Amino acid sequence: MINFTVGPVQSSAEVRKIGAEQTPYFRTAEFSEVMFENERLMKEFAGAGEKSRTVFITGSGTASMEAVVSNTLTANDKVLIVNGGSFGQRFVELCQIYEIPYSEIKLNMGCTLTKEELYKFDSNDYTAFIVNVHETSTGVHYDIDMISEFCKKNNLFLIVDAISSFLADEFNMEELGADVMITGSQKALACPPGISIIVLSENAIKRVEKSTVKCMYLNLKSALKNGERGQTPFTPAVGILRQVNARLKEIERAGGVSSEIKKIHGLAEDFRNKIKDMPFEIVSESMSNAVTPLHPLNASANDIFLRLKDEYGIWVCPNGGELKDKVFRVGHIGCLTTEDNDKLIAALKDMQRRGLI
Ligand SMILES: *Cc1c(COP(=O)(O)O)cnc(C)c1O
């Protein structure tokens, strides 16, 4: 099997080896060391400030999205949410559940956020801004520099879901003035799903400290408190945290976050060049390095996904809802090589020869 989805993705041999080991007991100084190292490397790779903190939540990315909305926002906020697909919609629903006042910037499927659209909301009484910097469902990567400038100008608390973009695209919290960055273990971190990660700026920590969230499991104040001693309030996914540790150190040894972004960018460029003369249209206006969304000109996207899986042992990412037959996505994150790209291209060419695409 070759996995070109956007998560879970393929893990390195070192990460997989840890998955086969016994899970150690975790209320120990040794495990605290692992967690301190995880926090240090996450802060470094996110370009977070000295006084920022990182918490590790056992739960998929959505658990951290929920924790951030419920612990950093209140009914006194007025939030602007970029809603360009199913992940933007998720933040809209979270604000509804937690009764946080909001407005959405609703975008058409596959469309990026323009300056014109954004500045319609300039100089209003908003207090916070939420964006999925890479709206993975459509493959649109928003202009984060433009968003950052807008938020600085309007003094907005900036929450960024970088779950599928972290390690794939440039992102520096301090430079952007981002207050929260969220990511997950199963995207470019290339570990099994089960851990999501929240990096909080000093400003975000202040909001958490003041929060009166009514939730035991996703209480970030207690996560921060326990983190001071390298621990979590409850039993975490110990094995995955050890895999995250190995992977973060692997990235550090290979030259850090810029080398990782370069590698993923290279894989994406290689694939996009190789697909050029084939009957597909690249559908996104502004792409992340993490994924290429493709619209097949002569076939159903879902049929291609099924055939690649069942007849060629290759997984690409199907789309749901109204895009089911129109778009599938090819991921470039995880342990992949240009030779893997060649195998996918060869399979697509074979399908073309068979008259299937
Ligand atoms: C994958 C992803 C998530 C999290 O989804 P989970 O299934 O909860 O891990 C959130 N936002 C974006 C942009 C994603 O790509």
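The charged end of K309 sits over the ring of W315, 5.7 Å from the ring's centre. Bear in mind that this is a predicted model.

Next, rings with rings. The count comes to 7 aromatic pairs. Take Y217 and F234: their ring centres are 5.3 Å apart and their planes meet at 15 degrees, so this pair is stacked, because planes under 30 degrees apart count that way. Where do these two sit? Y217 belongs to the loop between helix 8 (202-210) and helix 9 (220-227), while F234 is in the loop between helix 9 and helix 10 (238-253), so the pair ties together parts that are 17 residues apart in sequence. Elsewhere, Y25, F26 and F31 form one aromatic cluster.

Now over to one more lysine, K187. The unreviewed UniProt entry places the feature "modified residue: N6-(pyridoxal phosphate)lysine" at this position. In the model, K187 is found in the loop between strand 9 (180-184) and strand 10 (195-200). Is K187 buried or exposed? Its relative accessibility is 10%, so K187 counts as buried, given that buried means under 20%. As for its surroundings, leaving out residues up to four places away in sequence, K187 touches V6, G7 and V9, along with I163, S164 and I333.

How values were computed: Residues are numbered from 1 along each chain as its sequence is written. This is a predicted model: local features need pLDDT of at least 70, side-chain atom pairs count only at pLDDT 80 or more; totals for chains, interfaces and linings use all residues. Side-chain values use heavy atoms; hydrogens and water are left out. UniProt positions are given in the numbering used here, feature names are shortened, and annotations may be inferred rather than shown by experiment. Helices (H or I, at least four residues) and strands (E, at least two) are DSSP runs, numbered from the N terminus. Buried means under 20% relative accessible area, exposed over 50%, partly exposed in between (1.4 Å probe, protein chains only). Contact means heavy atoms within 4.5 Å. Rings of Phe, Tyr and Trp (its six-membered ring) pair if their centres lie within 6.5 Å; planes under 30 degrees apart count as stacked, over 60 as edge-to-face and the rest as tilted. A charge sits over a ring if NZ of Lys or CZ of Arg is within 6 Å of the ring centre and within 35 degrees of the ring normal.
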